[in-house]
Number of protein chains: 2
Amino acid sequence: MPSNEYKLIYWPEVPGRGELIRLLFEEAGVAYTDTAKGPSDSAVSAVTGSLSPKSAGGSGNPPVLAPPILQHGGLVLNQTPNILLYLAPRLGLGPADGDSMFRLNGIVLTLLDGFVNEVHETHHPVATLDYYENQKTEARRRSKGYRQERLPKFLAYAQQLLEADTSGEGPWLYGGQLTYADLVLFQGIDGNTFAFPKTMKKLKESGKYDDVFQLYEAVKQRPGIKAYLASDRRAPYSQGIWRYYPELEED
Amino acid sequence: MPSNEYKLIYWPEVPGRGELIRLLFEEAGVAYTDTAKGPSDSAVSAVTGSLSPKSAGGSGNPPVLAPPILQHGGLVLNQTPNILLYLAPRLGLGPADGDSMFRLNGIVLTLLDGFVNEVHETHHPVATLDYYENQKTEARRRSKGYRQERLPKFLAYAQQLLEADTSGEGPWLYGGQLTYADLVLFQGIDGNTFAFPKTMKKLKESGKYDDVFQLYEAVKQRPGIKAYLASDRRAPYSQGIWRYYPELEED
């Protein structure tokens, strides 16, 4: 009989997309198993084993192509925004249905595009499966466009969301209370501050996105998040989505 | 009072991501307004007007960053997978809740990654906002990786889904009946057959993905889809996501 505990299956040693899911559990104070935190060998084989065709189709679950993967009871899900959509109402971080569920999902998908997916492209613009070292020139060009055009565009979008939401007093993106969208934006800002420290400093100091950076600080001070960030459960950034390559920063 | 009719707001003159949404209406035989089909000027201003900060926040709708956009009653949604998730149960093309809703959403997000999002990167790998002509060399490299590694990977995923689903007799991806996931896969195969005709012919003839190509034909023969494809509502491919550049194909 499958356990009813939440189990996250993700690559070890990087925050990566798994981090977007961990933050929900940590904010909610809900227990979860995290295969990335086991010995490195077993952490990797937890992922590769879940992607094997042999694992497919059990209990009506379709095969999954890539992690993160969430197991909950007999259910196996993948795709970051899908897992977030499933978890949010169960962890008190978003509505279970109705217009608000879709509005929030639209916000989250857009934040993931701008602060996660496009960041991976900055260091792997022409060959997804090849090493960064073999596409440095192209990465410089893509990163320039990201730093100068895309990142400010997505920051402006987040700022606009915060200015448009008049439903509450808090610093939150939607509906006047903390939702999983705020945690996603937090992680995006945090990861980008690691990857592009000079650019992010300048963008912060521009004063154009004050509400965004205020939200970032507010999430950081949530008791569950604060304890998590200080713990050894929070993996340091390294060779995942958010990487620091000085040559990809501004001159 | 807002109309309760479905209204799609999208760029004119290309199928693009709007097509993924149109196919649901056309399969279901449900009326919808499509701003792309008006005069080109008004079609463009329907999009740009919806993205204006001035449009934001009405009736509790957050601002949207990019089309496609769906209006339904007072609700305004963006993000393709979000709009599809909203429409599917309303058009009889997917479940409204429960584990199946999430399993299907995971499938659809993965298909969109592989057959839509990564295709756009093939011709715009290093400068999202610049012309293709200014990134042709990089596009050749990205396209090679897409043709040789990524596209076969996503086709194999779809084939694996079809082999794993033992719940019905039909050619469909999930649950033994046609869902919106099948329409998304259809559009992905159709678009890629335009963009990479030689590659797709070879992949089809490999015999490794027979169920995928069988599903493609089955969707094409659905009465609503067949009538749509023969109508002038179906925009020809041009300079959108699926583009044909001979130099990006195999030698």
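Colleague: Leaving aside its neighbours within four places in sequence, which residues is L87(B) in contact with?
Modeller: This is a predicted model, and contact here requires heavy atoms within 4.5 Å. Once the neighbours within four places in sequence are set aside, the residues in contact with L87(B) are Y6(B), I21(B), L24(B), F25(B) and L70(B).

Colleague: Which residues have the most contacts inside the largest nonpolar core?
Modeller: The largest nonpolar core has 140 residues. Within this core, the residues with the most contacts are L87(A) and L87(B).

Colleague: Is L87(A) buried or exposed?
Modeller: L87(A) is found in helix α3 of chain A, and beyond its neighbours within four places in sequence it is in contact with Y6(A), I21(A), L24(A), F25(A) and L70(A). One of these, L70(A), is 17 residues away along the chain, with its C-alpha separated from that of L87(A) by 9.5 Å. Because the relative accessibility of L87(A) is 0%, the residue counts as buried.

Colleague: How many degrees of rotation superpose chain B on chain A?
Modeller: The superposition of chain B on chain A gives an RMSD of 0.0 Å, with 0.0 Å of shift along the rotation axis. The two copies are thus related as by a two-fold rotation axis, and the C-alpha of chain B nearest that axis belongs to P125(B), at 2.8 Å. The rotation itself is 180 degrees.

Colleague: At what angle do helices α6 and α8 of chain B pack?
Modeller: Two packed helices are described by the angle between their axes and the distance between the axes. For helix α6 (residues 180-195) and helix α8 (residues 210-220) of chain B, the axes are 9 Å apart. The two helices are therefore roughly perpendicular to each other, the packing angle being about 105 degrees.

Colleague: How many nonpolar residues does the contact of α6(B) with α8(B) have?
Modeller: On the side of α6(B), the contact involves D182(B), L183(B), L185(B), F186(B), I189(B) and D190(B), which meet V212(B), F213(B), L215(B), Y216(B), V219(B) and K220(B) of α8(B). By class, this contact of α6(B) with α8(B) has three charged residues and no polar ones, while the number of nonpolar residues is nine.

Colleague: Is L111(B) buried or exposed?
Modeller: L111(B) is found in helix α4 (residues 98-123) of chain B. Not counting residues up to four places away in sequence, L111(B) touches V116(B), Y157(B), L173(B), A181(B), V184(B) and L185(B). With a relative accessibility of 0%, L111(B) counts as buried.

Colleague: Is Q79(A) buried or exposed?
Modeller: Q79(A) is placed in the loop between β4 (75-78) and α3 (80-90) of chain A, and although this residue is not glycine, its phi is positive, near 80 degrees. Its relative accessible area is 13%, under the 20% cut-off, so Q79(A) is buried.

Colleague: Is E13(B) buried or exposed?
Modeller: E13(B) is found in the loop between β1 (6-9) and α1 (18-28) of chain B. Phi of E13(B) is near 75 degrees, a positive value in a residue other than glycine. Since its relative accessible area is 56%, and over 50% counts as exposed, E13(B) is exposed.

Colleague: How far apart in space are Q71(A) and E5(A), C-alpha to C-alpha?
Modeller: Q71(A) is found in strand β3 of chain A and counts as partly exposed at 27% relative accessibility. Not counting residues up to four places away in sequence, Q71(A) touches E5(A), Y6(A), K7(A), I9(A) and V76(A). Although Q71(A) and E5(A) are 66 residues apart in sequence, their C-alpha to C-alpha separation in space is 8.1 Å.

Notes:
Residues numbered from 1 in each chain as written. Chains lettered and ligands numbered in written order. Predicted model: local features only at pLDDT ≥ 70, side-chain atom pairs only at ≥ 80, totals over all residues. Heavy atoms only, no water. Least-squares fit on C-alpha atoms with pLDDT ≥ 70 in both. Axes fitted to C-alpha atoms, helices over the stretch in contact; angles between N-to-C directions. Helix = DSSP H or I, 4+ residues; strand = E, 2+ residues; numbered from the N terminus. Parallel < 35°, antiparallel > 145°, perpendicular 65-115°, else oblique. Nonpolar A, V, L, I, M, F, W, Y, C, P; charged D, E, K, R; others polar. Core = buried A, V, L, I, M, F, W, Y, C linked by side-chain atoms within 4.5 Å. Buried < 20%, exposed > 50% of the residue type's maximum accessible area, 1.4 Å probe, protein only.
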